[in-house]
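Opening the notebook on a new model today.

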Amino acid sequence: MTTLEQFEKGLRLDQYIATITQNKENFRANFIKATESFDADDLAFFRSLPTKVNIAVVTEDANLDAVRDVPIIGRLSVEVSRLALRLFRPATHAEVVQAIMQDVSLLVDAQEMDPGKGRLPIIAFYTQEMRLVGVHA
């Protein structure tokens, strides 16, 4: 099970963006455009959550799906303080990525989402207590 300590080892969105080496301009453009993805009701829903949601994203700069999807969840986390986002690269956060994948395997077939096979991003949603409640991949 992924711990809160492991979750906190991930990159905050600003740290992640600062260290992107591939597709940085596309990521930034998608991050700006992501505001179009939300309407007032969407934001109100997330802002009304009773507790914080921790979101762990396993991603790579070069993955085109990640360049499309991660800016959306990143923008949502900026707009809604109830969402704590941390990003993990398999090459630099191997231990935490392994823990996330073990959690994810409880909900879905993790072999189909193997980050080593380019199946990214993997977005895992946790409670404040780090209980996995959902996955998007």
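**Cavity**

I listed the lining of the largest cavity first: Tyr-16, Ile-20, Gln-22, Asn-23, Phe-27, Glu-60, Asp-61, Ala-66 and Val-67. The model is predicted, so I kept to the rules that local features need pLDDT of at least 70 and side-chain atom pairs pLDDT 80 or more, while totals for chains, interfaces and linings use all residues. Residues are numbered from 1 along each chain as its sequence is written, and side-chain values use heavy atoms, with hydrogens and water left out.

For the search I took a cavity as a set of points, on a 1 Å grid over the protein atoms alone, where a 1.4 Å probe fits but cannot get out; lining residues have an atom within 4 Å of a point. How many cavities of 30 Å³ or more turn up? The count is one. The volume of the largest cavity is about 30 Å³, volume being the space filled by probe spheres set on the points, with grid points joined across faces, edges and corners.

I sorted the lining by class and got five nonpolar, two polar and two charged residues. Here Ala, Val, Leu, Ile, Met, Phe, Trp, Tyr, Cys and Pro count as nonpolar, Asp, Glu, Lys and Arg as charged, and the others, Gly among them, as polar.

**Surface patch**

Next I looked up a nonpolar patch: Leu-106, Leu-107 and Val-108 make one of about 300 Å². Patch residues have over 30% relative accessible area and no salt bridge, and nonpolar side chains (Val, Leu, Ile, Met, Phe, Trp, Tyr) are joined within 5 Å. Areas are Shrake-Rupley with a 1.4 Å probe.

Leu-107 sits in the loop between α6 (94-104) and β3 (122-126); helices (H or I, at least four residues) and strands (E, at least two) are DSSP runs, numbered from the N terminus. Why is Leu-107 called partly exposed? Because its relative accessibility is 47%, and the scale puts buried under 20%, exposed over 50% and partly exposed in between.

**Salt bridges**

I count eight salt bridges, each a side-chain nitrogen of Lys or Arg within 4 Å of a carboxyl oxygen of Asp or Glu.

Arg-86 and Glu-8 pair up at 2.9 Å, N to O. This one links distant parts of the chain, with Arg-86 in strand β2 (residues 83-88) and Glu-8 in helix α1 (residues 4-8), 78 residues apart. Buried or exposed, I asked of Arg-86? Arg-86 is buried, at 14% relative accessibility. Glu-8 is partly exposed at 39%.

Asp-14 bridges to Arg-12, with the closest N and O atoms 3.4 Å apart. Asp-14 comes out partly exposed at 48%, and Arg-12 is partly exposed at 38%.

Asp-65 and Arg-68 form another salt bridge, their closest N and O atoms being 3.4 Å apart. Both lie in helix α5 (residues 64-79), three residues apart, about one turn of the helix. I also noted a network of salt bridges with shared partners, joining Arg-47, Arg-75 and Glu-79.

**Single residues**

Gln-6 lies in helix α1 and is buried, at 12% relative accessibility. Gln-6 and Ala-99 are 93 residues apart in sequence, yet 8.6 Å apart in space, C-alpha to C-alpha.

Arg-82 is in the loop between α5 and β2 and is partly exposed at 30%. From Arg-82 to Phe-31 I noted 51 residues in sequence and 19 Å in space, C-alpha to C-alpha.

Definitions and conventions:
1 Å grid on protein atoms, 1.4 Å probe; cavity = no way out; pocket = protein on both sides within 12 Å on 5 of 7 lines; lining within 4 Å. Patch = residues over 30% accessible without salt bridge, like charges linked within 9 Å, V, L, I, M, F, W, Y side chains within 5 Å. Buried < 20%, exposed > 50% of the residue type's maximum accessible area, 1.4 Å probe, protein only.
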